[in-house]
Amino acid sequence: MNPTQTMDPAKTEVEQKYKVIGTRPIRHDGVDKVTGRAVYGADVQLPGMLHGKVLRSPHAHARVKSVNTEKAEALYGVKAVMTAADFPDAGSRTANLGELGEVPLKPMCDNVMASDKVVYHGHAVAAVAATSPHIAEEALKLIEVEYEVLPPVMDVLKAMEEDSPLLHDDLYTDELGEKSSKPSNVASHSRHVLGDINQGFAAADHILEREYRCATVHQGYIEPHAATAMWNPDGYLTMWVTTQGAFTVRTSVHQILEIPVSKLKVIPTEIGGGFGGKIPVYGEPVAAVLSRKARRPVKVVMDRTEVFQATGPTSGSYVKLKMGVTNEGRITAAETMLAYEAGGYPGSVVSLGGICMFAPYNVENLTIDMYDVVVNKPKTAAYRAPGAPNSEFAAECMIDEFCEILDMDPMEFRLKNGAKEGDIQCHGIPHPRIGCLETTEAARDCEHYQTPLEGPNRGRGVASGYWVNAGLTSSVTARLNGDGTVTLQEGSTDIGGTRTSIAMQLAEVLGIPVEDVVPSVADTDSVGYTEVTGGSRVTFATGWAAYNAGQSIRSQLIEQAAAIWKVDKDQVSLADGVIATTNGDSKSISIKELAADLSQKGIDIGSRETVTPQNHGGAYATHIVDVEVDPDTGKVTILRYTAVQDAGRAIHPSYVEGQMQGGVVQGIGWALNEEYYYNEDGHLMNSSFLDYRMPTSLDLPMIETIIVEVPNPGHPYGVRGVGEVPIVPPQAAVSNAIARAVGTRLGDLPMSPQRVVKALSAKS
Amino acid sequence: MAAKVHVTATINGEPVEFLCEPRQSLLEVLRDELKLTGSKEGCNNGNCGACSVILDGLLVDACIVLGAEIDGCTVETIEGLMGPEGLHPLQQTFLENAALQCGVCTPGFIMAGKALLEKKPQATEGDIRHWCAGNLCRCTGYDKIVRAIIDAEPQLEVKK
Amino acid sequence: MQAFDYVAPKSLSEAVSLLEQKGERARILSGGTDLIVQVRENRRDLDLIVDGKKIAELMELSFDSQSGLTLGACVPCVRFYEDARISQLYPGLNDAALLIGGTQIQNRASFGGNLCNSSPAADSIPALIAHSAVCLIAGSGGTHTVAVEDFCTGPGRNVLGPKELLVSFHIPPPPKHFGAHYLRFIPRNEMDIAVVGCGASLEMESDLRTVKKARVSLGAVAPTPLLVAEAAAELEGRELDGGAIEKAAAAARAAARPITDMRGTEEYRVHLAGVLTRRALEKSLERAKEE
């Protein structure tokens, strides 16, 4: 099958009854993970292994004048010390990061270890490998670094001011495709335009103009980054890494260290959460260089403070939004300016914020201006639907305000303006078949929405969300065993049960139980190129590769059976794990029997598949939340929450629900309490799970889920990515609920108790 | 460097002896000295519960207990949970409920659930949410974890 | 982490002599929930950790109807709240024991450790003050006592000499018509440091309306936990109605002199001091009536 073709829905298999798809089998890696046997990044232990630790900048912005490592090198137990001088000169080379595009190599190297300048508190400047982590830590204290401290730039709008201190003297704004003549903190300004914005506002009966801000927030995965490297004297480097993409690590390390890809093997360990934050490399090249210098394996594990200071986070942002609607509740125009913090180096996700912002609606007159801005914070990384929550928060809050002004039900407004197939998106491309309206209808009709909310200081909020999803390249290798089972090696690291959702698609093709498919995540030497586990693409794209592998094995089995029976292969079919003739002579053989026979004959049945599907189809969600506000303390309690989402086709519904629930809860944390708190010197003050307040089990009710299935015509089973969109609506849903509970609208995240109290006292 | 301490303890029912530096935490001892890597380090300061183990019958974060402190004590870790008859009921209900995604918080949650149900066999949703507030999960939103612990209750009753 | 030695003495005298030898380079280990983290994060520099949990006096938890409560400095919170009788007699302390950290922390952390750590935001200190707790301190020169409200001298600082250790708390038996409560405000529902904490206790006249004796204490609004005598003065001898409670709350707001930090602004903390004082008094009264 041509993996880039669009499936005609009438010809896909979605109308058929499934045996495996839609069931809830126990995941294949489950036993390892409930018994403590699964090996995560920090669990790797090798003979003679050393422990690496990284020295980090105490300043947010400073020139590194000198680094003296002599005393550290002399400490008993220290086997290697490194600085940025140990990396090959990046020069003007570029690195291709797949989903994240082509980027200059120098900032990537500098982010791993600062060469001339530190641009955020916690920026790496040197590293040590020693016989114990404690000795390595002691050695860090002996490294002398001389800094010239510079004024930090911590806020996106301040960074954009003419006279702001500059992070990089050589950064010139890409201004709508033209290079500007003066260095600036603004890396780029881009724009989408649809229709005529002035006509759109002229047609409006109501116009609102507001500002919205999102604090910097972190992905918050529980497992810190960990990388172990073993660089052999023959030049071969093996790395064990907790990552969302083993191939991305291979590419990054290959480019930073100029080691040939053929001499570099990345073995992905189990991964304890990523949410986009485990795509960039941090300690990986460091562990490699330390291993080369020490001639021993080196493991570099971050602690939690390092994770907060120097990895992730996602962009803090400023959004200015102006929208117009008619008395009938039609959106006539939207004009917005998005300014996203990129962190210390260019490359925020503002463009994705722009694409997603109005995607749940058909807006004909639109102007979106997008700015990518550097500030003295860690280089931002992707975080679940990267960029979308910041911008959609603004749009969804303003739409709710319009609903109040118009006295219109928020679901009715959404159905009236909702996007559908053929509507033009902000970048000019029409929507394919999407489930926006179906999702909203399901939300409107659900028991939660139909049950009135009662009681003082309580309110119900509604918000929708969109995420683009991704296709990209995925590979699997499948092989039929002599007992009729199939081993399936796949290139996508498994963060949330995707071994099983991929295996289920292969099992469905062959009509065998999913327990007869044995999936594993392969290293970079053992499977074809596969992009990161991200973009909600794994069940979609890697699942498709498994589907193709199943189809290939199916054809091979049919051919083999046809040869044995001496009939034409067109007269043989495979269903429910049995191969049989269709010409009426009633011959049949189970896959197990045929596999045993072929195995004895030495005939290998298997398949190696690589796909790059394009029509991944966007995902829509509409959420409903009931809150209660304590007007004395400003604390917001989530009373009830329902998430409704179009999954295309839910391969393993439990894990679809799990993605929805997890995304909602991250969104609630983002809405209410999570934020990077910097002091005036640009020091991150809350780099712990104590003071970076992610929701605990006690802060939440059960999260109700409703899965809508509008099959994606771009996938053989109709799959759409499900992982990311659930983090998009909660921020606005909670803000809208607070507004309806106590009559005050909050446009700045997080809506912490003190902000709520302040808003309430400003109102009264 | 301070002298190493000799410690004798019972871990997962087996007598264990080891030498450790006084500065090594129980978590480091379990993971680095005894190679019991099922207990995870998520924060190393008692705020995430990924290293939850049961020390003399009480649920603790192994990262803020010194290895030297457990001399003469009994420690239960995730590795000791599976019995001769197979998975512990909590391990089974976590699987059946899809109560894990990345799975790194799972050992801590299962140990927390075990300690809770030993104390309160009929724990309610509210009891579970309160008891497990020291165990962070970033993937699941807790919903399926809470359900898995509730589901284990009748099975543990039968086992008694 | 820096290297240190570890000793677990079995007697008070042994512990005192270890402290005498090492002075400020030694520290008593109780639950370790603060101490181990501080040493690991280079916030405290030590040569010796003296584990107090093998010393009988530091692990004592007993009640006598004459002398009241003896609460050893290293008794973990869990032992307090699982003691049905004691937890009922000292409800404010019980509130604090149930609030400190999560389950894992409560199984290790102690009132004594919490006090000696001397954080302005410590949850147990306002509760101890509300219950009029007194500290028994031992050193080479013998023992002496200090009221809990006089113990802390600044963030992380207290009256303990370098060669002294906290042995236990002593609290008289609760009088008739007594109620107490500790509560705090945190943005989440668990696992946070108090933005503001408030302890209160009320001894009512037999009419259950007039206040005989009151104590109000605040955490996280000053360099040390505060006993707010001005709030008590608004209550004692008066009928405890909404007006009196509002006056006490105003006194609490006036006494608060917080800083702005990542956990809350100065303005918000002053506001919360009033809100929590009101709630602490209302709950204390409810408990005094129940008793």
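**Conventions.** I worked from a predicted model, in which local features need pLDDT of at least 70 and side-chain atom pairs count only at pLDDT 80 or more, while totals for chains, interfaces and linings use all residues. Residues are numbered from 1 along each chain as its sequence is written, chains are lettered from A and ligands numbered from 1 in the order in which they are written, and side-chain values use heavy atoms, with hydrogens and water left out.

**Chain C.** I took the division into domain 1 (5-171) and domain 2 (178-290), the bounds coming from an automatic or database domain assignment. The C-alpha centres of these two domains of chain C are 24 Å apart, and the contact (heavy atoms within 4.5 Å) draws 26 residues from domain 1 and 26 residues from domain 2. For buried area, meaning the accessible area (1.4 Å probe) lost by two parts on being put together and summed over both, I noted about 1,900 Å² between the domains of chain C, 61% of it on carbon and sulfur atoms.

I then looked for salt bridges (a side-chain nitrogen of Lys or Arg within 4 Å of a carboxyl oxygen of Asp or Glu) and found three across this interface of chain C. One pairs C:Asp123 with C:Arg184, the closest N and O atoms being 2.7 Å apart. On the side of domain 1 of chain C that touches domain 2, α5 (91-99), α8 (124-130) and β8 (152-154) each supply at least two residues, and α5(C) gives the most, with six residues. Helices (H or I, at least four residues) and strands (E, at least two) are DSSP runs, numbered from the N terminus.

**Chain A.** Here both domains are assigned in two segments: domain 1 is 9-38 + 471-611 and domain 2 is 387-469 + 617-763. I noted 37 Å between their centres in chain A, taken over C-alpha atoms, with 26 residues of domain 1 and 23 residues of domain 2 in the contact. The domains of chain A bury about 2,000 Å² between them, 61% of it on carbon and sulfur atoms.

The count between these domains of chain A is one salt bridge; I also noted that A:Arg24 forms a salt bridge with A:Glu657, the closest N and O atoms being 2.9 Å apart. On the side of domain 1 of chain A that touches domain 2, α15 (498-510) and α16 (538-565) each supply at least two residues, and the largest share, six residues, comes from α15(A).
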